[in-house]
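User: I'm new to this and would like to go through a protein model with you. Can we take it one question at a time?

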Amino acid sequence: MMAFYMISCNGSYTDFGEQYKKILYIVNSDDLLYENEHFYHNEKDSITVSVYCSGSESIGRDVSVTLELTTQALDSFNEIRKIVNPDFTKKVLLPESHYQFPKKKAVIRKGEQYGTLKIPFSMNGLEVDSNYVLPLKLISNDQGYEINPKLNTIIYEIKMMNGFSGEYSGSSTVLPGTVRSVQPVLKAISSNSVRMPIHDLVDEKEFLDTHYMVLTIADDSTQVSISAWRNAQIRDFGESSYDKTNKSFELNYAYTDQNGNELVIKEKIRDLSVTDEEEY
């Protein structure tokens, strides 16, 4: 109302200048740990970190900000989480051989509020059961702007995915007819293969050596081959398939249990992201 009054009386607009000071912070750093999905098929993948400059006015010139790797933040994070949860699996620093961090600078261009730092990296050869992260800290900028001390650090976690990984639900039948409901988690291990627990096994780390198998999906995304993960006793019966429309698997295999008995399995599972009413 006052602005309207001044314009009406004076025929001009008064610029009150910047109402909020400029402060820099890393986007998505409010919880410190930030998880993002990355897919094996993306050969030119990168970790992208965004820096934001707050304020009531756009910046008048480019701002160069510098970020650095902070292993101290990662160590503190792991220690605190372990105290809170003894079963916590610590986050692992992404090996230097798997990323390139030459620039360490992001630029917020004149008239904009965001700047991004892209760090090229590769998932090939990473251990599938490790939780890899890259911890980064915003340390300086060339315009002397304030940096928010509570939002200056991010622990960026890489969630390794492919087009077949995720949470599934369905049924697993021990022939000739014992049916059980299953909810396996399929974990990406390459661009076209996933690891999953055998039959009705709950996804538990202590059985990794003996009760997991690998599904490898052919290039046509229909045919599926089954093999053992580590020391599991698996026999592929063939004719297993993947339906990319329903995101579902039909699997035919046998495994030998701890008593030496071979159990013949027919399993039908579907990705939980599919929401129609058909049951598997």
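User: How many salt bridges does the count come to?

Analyst: This is a predicted model, where local features need pLDDT of at least 70, side-chain atom pairs count only at pLDDT 80 or more, and totals for chains, interfaces and linings use all residues. Residues are numbered from 1 along each chain as its sequence is written, and side-chain values use heavy atoms, with hydrogens and water left out. A salt bridge here is a side-chain nitrogen of Lys or Arg within 4 Å of a carboxyl oxygen of Asp or Glu. By that rule, the count is seven.

User: Which residue forms a salt bridge with Glu-157?

Analyst: Glu-157 sits in strand S10, and its partner is 66 residues away in strand S5 (residues 91–93); strands are DSSP runs of E, at least two residues long, and helices are runs of H or I, at least four, numbered from the N terminus. Both partners are buried, which means under 20% relative accessible area, while exposed is over 50% and partly exposed is in between (1.4 Å probe, protein chains only). The closest N and O atoms are 3.2 Å apart, and the partner is Lys-91.

User: How far apart in sequence are the parts that Arg-235 and Glu-262 tie together?

Analyst: The side chains of these two, Arg-235 and Glu-262, meet in a salt bridge at 2.7 Å, N to O. Arg-235 counts as partly exposed because its relative accessibility is 41%, and Glu-262 is partly exposed too, at 39%. Arg-235 lies in strand S17 and Glu-262 in strand S20 (residues 262–271), so the parts they tie together are apart by 27 residues.

User: Which strand gives the largest share of the lining of the largest pocket?

Analyst: A pocket is an open set of points on a 1 Å grid over the protein atoms alone, where a 1.4 Å probe fits, with protein on both sides within 12 Å along at least five of seven lines; lining residues have an atom within 4 Å of a point. The largest pocket is lined by 26 residues, with Val-128, Asn-131, Val-185, Lys-187 and Asp-203 nearest its centre. Several strands each supply at least two lining residues, including S2 (33–39) and S8 (131–141). The largest share, five residues, comes from S10.

User: Is Val-84 buried or exposed?

Analyst: Val-84 is found in helix H2 (residues 71–84). Its relative accessibility is 68%, so Val-84 counts as exposed.
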